[in-house]
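User: I would like to go through the labels attached to this structure and hear, for each, what it rests on. Please set the values against the definitions as you go.

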Amino acid sequence: MTLDEYNTYCASLTATTHVVQWGGAHVWKVGGKVFAVAGWSKDDAFAVTFKVSELAYEILKEQPGLQPAPYLASRGMKWIQHYAHPGLDDAGLRDYIAESHKIVALGLTKKLQRELGVGSAA
């Protein structure tokens with residue numbers, strides 16, 4: 001996945017906003033809450049960070065090309081960073097980004113979920 005493909009995909013999800021912050025990271029939010037970040041790579045490799053369930057975190061954190069997300073996971077948050085090959089293929093990465101969007105949307109208030117047309121109150 002390229003940065004352009006990442007941005008296009010995240011833009012296709014419901015009620016998202018995009019900002020470039022934190023030293024050039026492409027940050028995608030739903031309801032003002034972050035669900036995906038592209039950047040924070042140790043080198044020139046494309047890196048994507050996303051929120052996951054506890055089970056997915058336990059499975060993914062040991063996979064080659066994936067790691068607990070720097071800064072976020074060290075604070076007890078269940079975030080994974082795809083940072084190198086083999087990592088996830090593009091379809092898998094899209095699936096996890098979509099799931100991150102859903103997890104974050106479900107954490108919004110019911111009122112905001114209804115307003116945005118996301119989550120269980122949509």
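This is a predicted model: local features need pLDDT of at least 70, side-chain atom pairs count only at pLDDT 80 or more; totals for chains, interfaces and linings use all residues.

User: Where is leucine 55 found, and why is leucine 55 called exposed?

Analyst: Leucine 55 belongs to helix α2, residues 54–60, where helices (H or I, at least four residues) and strands (E, at least two) are DSSP runs numbered from the N terminus. Its relative accessible area is 61%, and since exposed means over 50%, buried under 20% and partly exposed in between (1.4 Å probe, protein chains only), leucine 55 is therefore exposed. Residues are numbered from 1 along each chain as its sequence is written, and side-chain values use heavy atoms, with hydrogens and water left out.

User: What makes the contact of lysine 61 and glutamate 58 a salt bridge?

Analyst: The N to O distance between these two side chains is 3.1 Å, and a salt bridge is defined as a side-chain nitrogen of Lys or Arg within 4 Å of a carboxyl oxygen of Asp or Glu, so lysine 61 and glutamate 58 meet the definition. A search of the whole structure finds one salt bridge. Lysine 61, at 25% relative accessibility, counts as partly exposed, as does glutamate 58 at 44%.

User: How many aromatic pairs are there, and what makes the pair of tyrosine 6 and phenylalanine 46 edge-to-face?

Analyst: The count comes to two aromatic pairs, under a rule by which rings of Phe, Tyr and Trp (its six-membered ring) pair if their centres lie within 6.5 Å, with planes under 30 degrees apart counted as stacked, over 60 as edge-to-face and the rest as tilted. For tyrosine 6 and phenylalanine 46 the centres are 5.9 Å apart and the planes stand at 70 degrees, so the pair is edge-to-face. Because tyrosine 6 lies in helix α1 and phenylalanine 46 in the loop between β3 (33–38) and β4 (48–51), the pair ties together parts that are 40 residues apart in sequence. Tyrosine 6 is buried at 0% relative accessibility, whereas phenylalanine 46 is partly exposed at 24%.

User: Why is the pair of phenylalanine 50 and tyrosine 96 called stacked?

Analyst: The ring centres of phenylalanine 50 and tyrosine 96 are 5.7 Å apart and their planes lie at 25 degrees, so the pair is stacked. This pair links distant parts of the chain, phenylalanine 50 being in strand β4 and tyrosine 96 in helix α3, 46 residues apart. Phenylalanine 50 has a relative accessible area of 0% and is buried, while tyrosine 96, with 25%, is partly exposed.

User: What is the phi of tryptophan 22, and how do you know that tryptophan 22 is partly exposed?

Analyst: Phi of tryptophan 22 is near 50 degrees, a positive value in a residue other than glycine, and tryptophan 22 sits in the loop between β1 (16–21) and β2 (25–30). Its relative accessible area is 44%, so tryptophan 22 counts as partly exposed. Tyrosine 71, in the loop between β5 (66–68) and β6, also has a positive phi, near 75 degrees, but tyrosine 71 is exposed, with a relative accessible area of 54%.

User: Which peptide bond is cis?

Analyst: The bond from histidine 85 to proline 86 is cis, with omega near 5 degrees, and proline 86 is placed in the loop between β6 (79–82) and α3.
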